[in-house]
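Trainee: Could you help me learn to read salt bridges in a protein model? I would like the general idea and then the case at hand.

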Amino acid sequence: MTRNYSAKTPMPVSGTMPLTMAGQGETRTICCIRGKDEIRRFLNNMGFIEQESVQIISEFGGNLIVAVKGARVAVSRAMASRILVR
């Protein structure tokens, strides 16, 4: 199966994984954010910026509580799956 990537959806970088796969207490570095411009802008405004560190605080009801840029933020599993980390 071949995937078509557009300029708006960065290609996955080798050695990356979705934020949803990181374990509780782990600190990871954001590599890129997949999705349409509006989704990427929304996540950027919440502090999810490439090369920024993000720590998984906990998982609650399928949502993730993370620490990014000194703040705790709740993100849905769907949104967290768009954030690629290493």
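This is a predicted model: local features need pLDDT of at least 70, side-chain atom pairs count only at pLDDT 80 or more; totals for chains, interfaces and linings use all residues.

Mentor: Happy to! A salt bridge is a side-chain nitrogen of Lys or Arg within 4 Å of a carboxyl oxygen of Asp or Glu. Here Glu59 and Arg77 make one, with N and O 3.4 Å apart. This pair links distant parts of the chain, 18 residues apart: Glu59 belongs to strand S3 (residues 53-60) and Arg77 to helix H2 (residues 77-80). Helices (H or I, at least four residues) and strands (E, at least two) are DSSP runs, numbered from the N terminus.

Trainee: How many salt bridges are there by this rule?

Mentor: The count is three. Another joins Arg40 to Asp37 at 4.0 Å, N to O. Both sit in helix H1 (residues 37-45), three residues apart, about one turn of the helix. Glu26 also pairs with Arg28, their closest N and O atoms being 2.8 Å apart.

Trainee: Is Glu59 buried, partly exposed or exposed?

Mentor: Buried means under 20% relative accessible area, exposed over 50%, and partly exposed in between (1.4 Å probe, protein chains only). Glu59 is partly exposed because its relative accessibility is 48%.

Trainee: What is the mean pLDDT of the chain?

Mentor: pLDDT is the predictor's confidence in each residue, from 0 to 100. The mean is 89, and 85% of residues reach 70 or more. Over residues 1-7, however, pLDDT stays under 50.

Mentor: Residues are numbered from 1 along each chain as its sequence is written, and side-chain values use heavy atoms, leaving out hydrogens and water.

Notes. Contact means heavy atoms within 4.5 Å.
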